[in-house]
Amino acid sequence: MALELFNTLSRQLELFKPLNLSEVGLYTCGPTVYNYPHIGNYRAYIFGDILKRYLIYRDYKIKHIMNITDVDDKTIRDSQIKNKNLKDFTEFYTESFFEDIKSLNIISADKYTKATSYIKEMIELVEILFDKGFAYKTKDGSIYFNIHKDSNYGKLSHFKISDLKKNASGRLLDDEYDKENAQDFALWKAWSKNDGDVFWEPERILKRKTVLIKGRPGWHIECSAMSMKELGQSFDIHTGGVDNIFPHHENEIAQSECATGKPFVKYFMHNEFLLVNGKKMSKSLGNFYTLRDLVKKGIDPIAFRFWLLTSHYRTKTNFTMEAVIGAQNALIRIRKTFLSLGDEIGKVEEKYKNQLIKYMDNDLGTPETLTVLWKLIKDTNISNQNKKATLLDFDKVLGLGLNQLKKEIIPLNIKQLVEEREEVRRNKDWNKSDKLRDQIKNLGYEIKDSSSSTKISKI
Ligand SMILES: [Zn+2]
C-alpha cells in the first residue's frame with residue numbers, strides 16, 4: 001500500500017515521495033485577517049488538517065507552516081474604514097481565527113508566519129527578481145513581475161502565455177484577478193496616500209541602497225518569501241483552495257522559481273469550493289455564513305467538520321442547514337457509542353485499520369473511511385475494548401475529538417448559548433433569556449438557575 005495524492009501541477013494522482021524522508025515540508029495559505037472567514041475558507045483548513053493528520057498517521061514527520069496575511073489591499077482598506085491601526089485591526093481577526101480552528105479541532109501549525117514579520121525577506125526576493133531581469137520598475141516606483149520573461153508561467157493553472165499575449169500587455173496593481181486578465185503583477189507597491197501610515201522603507205531595513213522605494217509588498221510575494229524562509233527553496237506540499245490556483249499560486253511559483261532556479265513545490269493540492277444552497281457564497285444572496293453564524297444556529301463546529309468529511313475534498317459540496325443538522329445527529333450517535341464502550345482500551349482491529357489505510361491512501365478518501373467507521377460501530381463481533389481502541393485510532397485521522405469526550409458532554413454550541421443567556425440575564429433582558437432557554441431546550445438540554453449558578457443537563 002502506498003499513498004497517492006492528486007497533484008494540481010500534473011492533474012493526476014502521484015505516488016507520495018517526500019524530498020527528504022526526515023521531514024515533510026507543508027505550507028498552507030492561511031487567512032487574510034480583515035474579517036471572520038466564511039465556512040468555505042474553513043473547508044481549506046480542514047482539508048489541510050486531514051492531509052497533515054494522515055501523513056502523521058503514516059509516520060511522516062511534518063513541518064507545517066501557515067501564513068497570516070496581515071498586510072494587503074483588503075486589510076489596509078478595511079482598517080481605514082474602521083479607523084483602526086493595521087496592527088490592532090488584524091490582531092483582532094487573527095485571534096478569532098485561532099479560536100475558530102481550535103473549535104474545529106484543527107492541529108496547530110508548527111509556526112504561523114505573519115507577513116509583516118518577513119518584510120526583509122520579501123524585499124530581498126524582489127531585489128533578486130529585479131537583478132535577474134524578471135522584474136521592472138514603473139514610473140511611480142512600483143516593481144512588477146514580467147510574466148513574458150518566465151517561460152513556465154501558467155504551468156499550474158495550465159494555460160499558455162502565447163494564448164494570452166493580446167491581453168497580457170498591461171499591468172495589475174490589484175492582488176486578485178482572474179485568468180482572463182493575466183498580466184504583469186505587482187511585487188512591490190510604491191506608497192500612495194491611500195496606504196496612509198502603512199509602508200516600509202527598504203533602504204532603512206537593508207541599511208544600504210536598493211531599487212525598492214518606500215512602499216509595501218504585493219500579496220503573492222508574501223507567501224513565496226515566508227514559505228522559502230521556513231521550509232527551504234524546494235519543499236514538499238503546498239495546499240489551498242481551488243480559488244488560490246490562479247493567480248496566487250501561479251504567481252508564487254513564478255516568483256520563487258525565477259529567483260532560485262529550483263523547483264518550488266513538489267505537490268500542489270487544492271480543495272474544491274463549498275456551495276451554500278447550490279450557489280457560491282455571497283453576502284448579497286444571503287447565503288454567507290461564518291463559523292460563528294453556524295454556532296448561533298446550534299451547530300457544533302465538529303459536526304460541520306464531520307459533515308465536510310462525508311465529501312471528498314476534490315468535489316464541490318453543497319451546504320444546507322438540513323445536511324449539517326443530519327451530520328450533527330450522526331455525530332451524536334458516534335459519541336454515544338464511544339462513551340458506552342467503557343474505560344478500558346484494547347487492541348486496534350487490523351482489519352479495520354487496513355481498510356482505513358486503503359481508502360486514505362487513495363488521495364484521502366474520507367467518505368469511504370467514514371463508511372468503514374460506521375461498519376466498525378455496528379460490528380457486534382468485536383469486544384468493546386478493541387472497538388474503543390480502533391475508534392480512537394480512526395480519530396487520529398478524522399479528528400472528531402473522541403479522546404476529549406467526557407461522560408456528560410455539553411457541546412460547544414450549547415455552552416455558547418448558555419453564555420449568551422447569562423449575558424442577557426445580566427442585562428435583565430428576560431424576554432431574550434427565555435427565548436434562549438427554549439432554544440437550548442429544543443437542542444436537548446435543560447437549564448436550572450439558582451441564585452449562585454446555572455446548571456445544564458441533558459433532557
Ligand atoms: Zn498564500
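Reader: Why is Cys29 called buried?

Author: This is a predicted model, in which local features need pLDDT of at least 70, side-chain atom pairs count only at pLDDT 80 or more, and totals for chains, interfaces and linings use all residues. Residues are numbered from 1 along each chain as its sequence is written, and side-chain values use heavy atoms, with hydrogens and water left out. Buried means under 20% relative accessible area, exposed over 50%, partly exposed in between (1.4 Å probe, protein chains only). Cys29 has 8%, so Cys29 is buried.

Reader: What makes Cys29 a donor of the zinc ion?

Author: Donors are N, O and S atoms within 2.8 Å of the metal (3.2 Å for Na, K and Ca); water is not among the atoms, so sites may look incomplete. The SG atoms of Cys29 and Cys223 and NE2 of His248 lie 2.1 to 2.2 Å from the zinc ion. They therefore count as its protein donors. Their spacing in sequence is C-x193-C-x24-H.

Reader: Which parts does the pair Cys29 and His248 tie together?

Author: Helices (H or I, at least four residues) and strands (E, at least two) are DSSP runs, numbered from the N terminus. Cys29 is in the loop between strand S3 (24–28) and helix H1 (39–57), and His248 is in helix H8 (residues 245–260), so the pair joins parts 219 residues apart in sequence. His248 is also buried, at 1% relative accessibility.

Reader: Is His220 buried or exposed?

Author: Buried: the relative accessible area of His220 is 1%. His220 sits in helix H7 (residues 219–231).

Reader: Why is Ser192 called partly exposed?

Author: Ser192 has a relative accessible area of 31%, which falls between the 20% and 50% limits, so the label is partly exposed. Ser192 is in the loop between strand S9 (184–190) and helix H6 (202–206). The C-alpha atoms of Ser192 and Glu446 are separated by 57 Å.

Reader: How do you know that the radius of gyration of the chain agrees with a compact globule?

Author: The radius is taken over C-alpha atoms, and the globule rule is 2.2 Å times the number of residues to the power 0.38. For 459 residues the rule gives a value near 23 Å; the chain has 25 Å, so the two agree. Of the 459 residues, 55% count as buried.
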